[in-house]
Amino acid sequence: MGQKTYKYNRLLKLVTLALLISLVIYCVKTQHDISTMQGKLEAVQQQVEQQRLVNKDLELSLRRDDSYMERSAREKLDYAHPEERVYVDTSGAK
């Protein structure tokens, strides 16, 4: 009976050791993943802040200059005033 108890105790210790090693590996991997994600989060936050500044500048320029919106509508969307005639040069020469 002593031999069985010894084998049981040894098996229990090996299983416990294997679980502890697995737990440590999992914790290290998780910490690495967390630090990687934090780096990505910081990069995205910087991009968001840069985009906010760009948006704020654009918003201020729109408030100051109504002709900007008109010019953009003409150039990008091909809009025109009602009753306005628009001539398009189709010769291909610039």
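Begin by selecting Arg 52, which is exposed, with a relative accessible area of 55%; exposed means over 50%, buried under 20%, and partly exposed in between (1.4 Å probe, protein chains only). The model is predicted, so local features need pLDDT of at least 70 and side-chain atom pairs count only at pLDDT 80 or more, whereas totals for chains, interfaces and linings use all residues. Residues are numbered from 1 along each chain as its sequence is written, and side-chain values use heavy atoms, with hydrogens and water left out.

A salt bridge is a side-chain nitrogen of Lys or Arg within 4 Å of a carboxyl oxygen of Asp or Glu. Glu 49 is partly exposed at 39% relative accessible area. Both Glu 49 and Arg 52 belong to helix H1, three residues apart, about one turn of the helix. Helices are DSSP runs (H or I, at least four residues), numbered from the N terminus.

The structure holds two salt bridges. For the other, select Asp 33 and Lys 29, whose closest N and O atoms are 3.1 Å apart. These residues also lie in helix H1, four residues apart, about one turn of the helix. Asp 33 is partly exposed, at 33% relative accessibility.

Finally, select Leu 11, Val 15 and Leu 19, which make a nonpolar surface patch of about 290 Å². Such a patch joins nonpolar side chains (Val, Leu, Ile, Met, Phe, Trp, Tyr) within 5 Å, from residues with over 30% relative accessible area and no salt bridge. Accessible areas come from the Shrake-Rupley method with a 1.4 Å probe. Leu 19 is found in helix H1 (residues 2-64) and is exposed, at 57% relative accessible area.

Conventions
Patches are made of residues with over 30% relative accessible area and no salt bridge: like charges are joined within 9 Å, nonpolar side chains (Val, Leu, Ile, Met, Phe, Trp, Tyr) within 5 Å. Helices (H or I, at least four residues) and strands (E, at least two) are DSSP runs, numbered from the N terminus.
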